[in-house]
Amino acid sequence: MNPIFDVDALGQPDCAFCEPGGNETIPVDRVIAKADEYFAKNDMPGVKRHLTYWLAEARALGDRRGELAVLDELIGACRMMGLREEGLRAVDEALSLTEALSLADTVTGATVCLNAGTAYKAFGMDDKAVAMYRLARPIYEKYLNPDDSRIAGLCNNMAIALTAVGQTDEAERLFRRAAAIKERDDAGKPDAAVSWLNLADLIAGRDGLEDGAEQIEACLEKAQALLTDPAVPRDSYYAFVAGKCAPVFTYYGWFAFGGELKELSEAIYDGNRAE
């Protein structure tokens, strides 16, 4: 994939496809594609710098939909970097913009709620996370196919928040639903593995390691089978998931497999950085 623009020593992007002062909107698809390139190299400061620049560009142009798209991406970047103040500010701005653009009852609006909920959960605001997911869920179920991967993502993230507030029965159902959807597609199998590992953690917390041992082991076996499926692309997203899953397997005593996932994740990132 060819880069959209390079960043010079001063950190100012030199845009190859924009004419100065000649655009009314930012090129959202290309902006997100470039952000994905930074993600592929695990360059989170690069992601944030890139998105911050384009957020300013969207605002300068009065491109409110472009602004919302960049804010939505920025929420995730701040969450992954642990930037609580900036992340919550991006959430507030995105939610306000969703209302201003009359997008609340749309898939776009629901996706903003989903990302807001995920940020709230990451920053320890579990009740607010559940509230956001409960806003998003009926909209997704109204407009999307029941097997849509976005519903799976919502189910998984909502289940995490529900687990945190003690609503484990509903959470278990949602983890299983998320895994069932994602398992149908090779590219979705890493996400399905994550849902199975999340369910293992739910069972361990609810039933205890001893009483829940058999169910936990079954969840780990399902996750391992999905992560080792040769049909699953070993791309940058796989590297991200493998890196997150590795310590979970290690925690439950699967030391060899946890180590394999960690090494594979690092090797994929190293390869991407070398390109």
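These are my notebook entries on a predicted model.

**Ground rules.** I number residues from 1 along each chain as its sequence is written, and side-chain values use heavy atoms, without hydrogens and water. In this predicted model, local features need pLDDT of at least 70 and side-chain atom pairs count only at pLDDT 80 or more, while totals for chains, interfaces and linings use all residues.

**Core.** I looked up the largest nonpolar core and found 87 residues. Such a core is a set of buried (under 20% relative accessible area, 1.4 Å probe, protein chains only) Ala, Val, Leu, Ile, Met, Phe, Trp, Tyr and Cys residues joined through side-chain atoms within 4.5 Å. L51, L95 and Y120 are among those with the most contacts inside it. Helix α9 (residues 189-207) gives the largest share, nine residues. Helices here are DSSP runs (H or I, at least four residues), numbered from the N terminus.

**Y120.** I set aside its neighbours within four places in sequence. Y120 is then in contact (heavy atoms within 4.5 Å) with residues including L88, L95 and M132.

**α2 and α3.** I found an angle of about 155° between α2 (residues 44-61) and α3 (residues 64-81), with axes 9 Å apart. Axes are lines fitted to C-alpha atoms over the stretch in contact, and angles run from 0 to 180 degrees between N-to-C directions. The pair is therefore roughly antiparallel (over 145 degrees). L51 and W54 of α2 are among the contact residues, as are L71 and L74 of α3.

**Positive phi.** N42 is not a glycine, yet its phi is about 60°. N42 lies in the loop between α1 (28-40) and α2. S102 has phi near 55° and sits between α4 (84-100) and α5 (107-122). S102 is exposed at 63% relative accessibility (the cut-off is over 50%).

Notes
Helix = DSSP H or I, 4+ residues; strand = E, 2+ residues; numbered from the N terminus. Parallel < 35°, antiparallel > 145°, perpendicular 65-115°, else oblique.
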